[in-house]
Amino acid sequence: MTTTAAPGAQALAYEWIKFRSVRSTVWTTVATAVLPVLGAVFVATTGSLQSDDTVLGGSLTLSVVAQMLAAVVGALVMTGEYSSGTIRTTFAARPRRSSVLAAKAALVAGVMYVLALASCTLAYLVGDALLPEGRYAQGDPLPALFGIAASFAVAALLGLAVGTLVRHSAGAVTTVIGLLLLPSLFGPLFGDAERWIAGLSPTAALEKLTQTSDAAADTVGSLGPWPSLLLVAAYTTVLALGALVLLRRRDV
């Protein structure tokens with residue numbers, strides 16, 4: 001007697017095979033996992049941590065760059081198929097395009113959440129071990145580390161949505177990095193709306209969650225870390241739904 005895997009599990013398995021078969025995606029994912037730990041070692045060994053910073057914030061100095069790479073991974077998961085032409089085979093095998101996008105979303109969100117949680121936790125532990133005891137405020141790693149991991153997952157989903165809309169790797173990567181950086185750069189220009197505009201990016205939510213001294217209201221908005229993360233998750237969901245509608249309507 002044979003058993004058949006559920007359609008969702010089968011789609012996820014196919015996406016996992018494709019994910020680990022593309023070198024650019026794999027190496028970008030590896031860099032995403034490694035950067036936070038390298039940043040913790042660098043900050044601790046060079047003594048470059050600011051006096052008003054926290055151990056958590058200093059240890060996760062490079063987490064912002066790592067989060068950008070997570071967004072790039074999300075974009076490449078979709079645009080890589082368009083570049084290689086395998087998207088035609090994918091849609092021929094699974095005509096329900098919504099199931100394809102859902103499988104990709106579940107994969108990138110799950111992988112980035114787990115990797116970010118492990119990597120950022122390790123970075124914090126490394127920083128805590130290497131930095132002088134008692135010189136810096138510790139920060140509150142829990143539940144912040146879970147939120148930090150979630151911000152990586154949201155960034156990856158944002159990249160996936162942009163990749164679905166743009167379909168071109170270079171254009172999607174440029175667009176998603178712009179979405180991560182521009183709100184903080186232009187937020188102060190919007191007056192009273194600055195607290196919303198500057199906090200619109202996953203990067204802003206991440207900096208607040210890491211409790212770094214760089215997370216000033218004029219650069220990342222005055223919303224709290226968890227409201228910022230929820231706001232980012234909300235508009236990422238809207239963008240993903242828009243990407244799904246367009247994916248269904250247009251030709252490959």
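Author: In this predicted model, the axes of helix 6 and helix 7 (residues 141-166) come within 8 Å and cross at roughly 145°. Helices are DSSP runs of H or I, at least four residues long, numbered from the N terminus; axes are lines fitted to C-alpha atoms over the stretch in contact, with angles from 0 to 180 degrees between N-to-C directions. The crossing of the two is right-handed (the near helix is turned clockwise from the far one by less than a right angle). Contact (heavy atoms within 4.5 Å) involves, among others, Leu-101, Val-108, Met-112 and Tyr-124 of helix 6, and Leu-145, Ile-148, Phe-152 and Leu-160 of helix 7. The residues of this contact comprise 21 nonpolar, two polar and one charged (Ala, Val, Leu, Ile, Met, Phe, Trp, Tyr, Cys and Pro are nonpolar; Asp, Glu, Lys and Arg charged; the others, including Gly, polar).

Helix 7 also meets helix 10 (residues 202-210), their axes coming within 9 Å and crossing at roughly 170°. The pair is therefore roughly antiparallel (an angle over 145 degrees). Helix 7 contributes Ala-144, Gly-147, Ile-148, Ser-151, Phe-152, Ala-155 and Leu-158 to this contact, and helix 10 contributes Pro-202, Leu-206, Leu-209 and Thr-210. Of these residues, eight are nonpolar, three polar and none charged.

Residues are numbered from 1 along each chain as its sequence is written. Local features need pLDDT of at least 70, side-chain atom pairs count only at pLDDT 80 or more, totals for chains, interfaces and linings use all residues, and side-chain values use heavy atoms, without hydrogens and water.

Conventions: Angles under 35 degrees count as roughly parallel, over 145 as roughly antiparallel, 65 to 115 as roughly perpendicular and the rest as oblique.
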